[in-house]
Amino acid sequence: FCTSNSLQHSLARGIQRTAVRQAHRKYEPDFHDKYGNLVLLGGAVVFTTVWGYVFTQAGIEWGLSPVGRITPKEWRE
């Protein structure tokens, strides 16, 4: 009983020390904190620019609707 209790006590103290150490450490921003919004905004701008060009200037004929293009064939009996 005595060794188990002292073991639990020392384990609890170690966890408390780790928690205090982490709480006092200064938070340093990483790459995503510094540049995340800028990268996201830049990607949105590039995406919009490329697809804007494709839809307006690339000369692709978008065959989205066959209405008016397809004529029915004569019926054969």
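Reader: Where do W51 and F55 lie, and how many residues apart are they?
Author: Both sit in helix α2, 4 residues apart, about one turn of the helix. This is a predicted model: local features need pLDDT of at least 70, side-chain atom pairs count only at pLDDT 80 or more, and totals for chains, interfaces and linings use all residues. Residues are numbered from 1 along each chain as its sequence is written, and side-chain values use heavy atoms, with hydrogens and water left out.

Reader: How many helices and strands does the protein have?
Author: Helices (H or I, at least four residues) and strands (E, at least two) are DSSP runs, numbered from the N terminus. Here there are 2 helices and 0 strands. Helix α2 covers residues 31-56 and holds F47.

Reader: How many aromatic pairs are there?
Author: Rings of Phe, Tyr and Trp (its six-membered ring) pair if their centres lie within 6.5 Å; planes under 30 degrees apart are stacked, over 60 edge-to-face, the rest tilted. The count is 2. F31 and Y35 are tilted, with 5.2 Å between centres and 50° between planes. They too lie in helix α2, 4 residues apart.

Reader: Why is the pair of W51 and F55 tilted?
Author: Because their planes stand at 35°, with ring centres 5.6 Å apart.

Reader: Is W51 partly exposed or buried?
Author: Buried means under 20% relative accessible area, exposed over 50%, partly exposed in between (1.4 Å probe, protein chains only). W51 is partly exposed at 38%, and Y35 is partly exposed at 39%. F55 is exposed at 53%. Buried residues make up 1% of the 77 residues.

Reader: What does UniProt annotate at residues 35-54?
Author: The unreviewed entry gives "transmembrane region"; such annotations may be inferred rather than shown by experiment. In the model the span is 100% helix, and its end C-alpha atoms lie 28 Å apart.
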